[in-house]
Amino acid sequence: MENDPELNGKYLGTISKDFVVVAETLKEASYQVRKRKISEYPIFVFSRTQVPVGSVFLAKEEVALDWHINASYLEDFVQRQLVMEDKIEEFKAAYKDPDEYCCLFVVDGEFQNFVFIPYPED
């Protein structure tokens, strides 16, 4: 679950542009998901078109973004079979500190991948 090299060139610029706009909001949402014991593994789905994964968190039209952002978490991904049961421990091992990194699941057509982006320093 390393950051895909294809992601870096093709997507990282546009994702980063949107991410800086919403980073504080995502960090707070991640904190709330963990604080409320919903999941220790929040995931934010970045997609060009709305996808049926997680709950709509920020629609791109509402906040002038290039990407829709849905809020989800590991257990939802397992239920939807986006993370297979036999890969849960591998996912948890790859998951970075949620106070420092945001876990994104990027969806654009056939391309789907996890990426961890560090939150901007205060």
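How many salt bridges does the structure hold? There are five, counting a side-chain nitrogen of Lys or Arg within 4 Å of a carboxyl oxygen of Asp or Glu. Keep in mind that this is a predicted model: local features need pLDDT of at least 70 and side-chain atom pairs pLDDT 80 or more, while totals for chains, interfaces and linings use all residues. Residues are numbered from 1 along each chain as its sequence is written, and side-chain values use heavy atoms, with hydrogens and water left out.

**View 1. The five-stranded sheet.** Here's an open sheet with mixed pairing, in the order S2-S3-S1-S4-S5. Its edge strands are S2 (55-58) and S5, each pairing on one side only. On average, neighbouring strands are turned by 35 degrees against each other, direction ignored. (Axes are lines fitted to C-alpha atoms, for helices over the stretch in contact, and angles run from 0 to 180 degrees between N-to-C directions.) Strands (E, at least two residues) and helices (H or I, at least four) are DSSP runs numbered from the N terminus; two strands pair if DSSP finds at least two bridges between them.

**View 2. The S4-S5 hairpin.** S4 (residues 101-108) and S5 run antiparallel, joined by eight bridges. Two residues sit between them, and glycine 109 in the turn has a positive phi of about 65 degrees. Six of the eight residues of S5 (residues 111-118) are buried, so the rest of the structure largely encloses this strand. (Buried is under 20% relative accessible area, exposed over 50%, partly exposed in between, with a 1.4 Å probe and protein chains only.)

View 3. Arginine 34 meets aspartate 99 at 3.1 Å, N to O. The arginine belongs to helix H2 (residues 12-35), the aspartate to the loop between helix H5 (88-94) and S4, 65 residues apart. Arginine 34 is buried at 13%, whereas aspartate 99 is partly exposed at 41%.

View 4. Aspartate 76 and arginine 80 meet at 3.0 Å, N to O; aspartate 76 is buried at 10%, and arginine 80 is partly exposed at 39%. Lys17, Asp18 and Asp66 are linked in a network of salt bridges.
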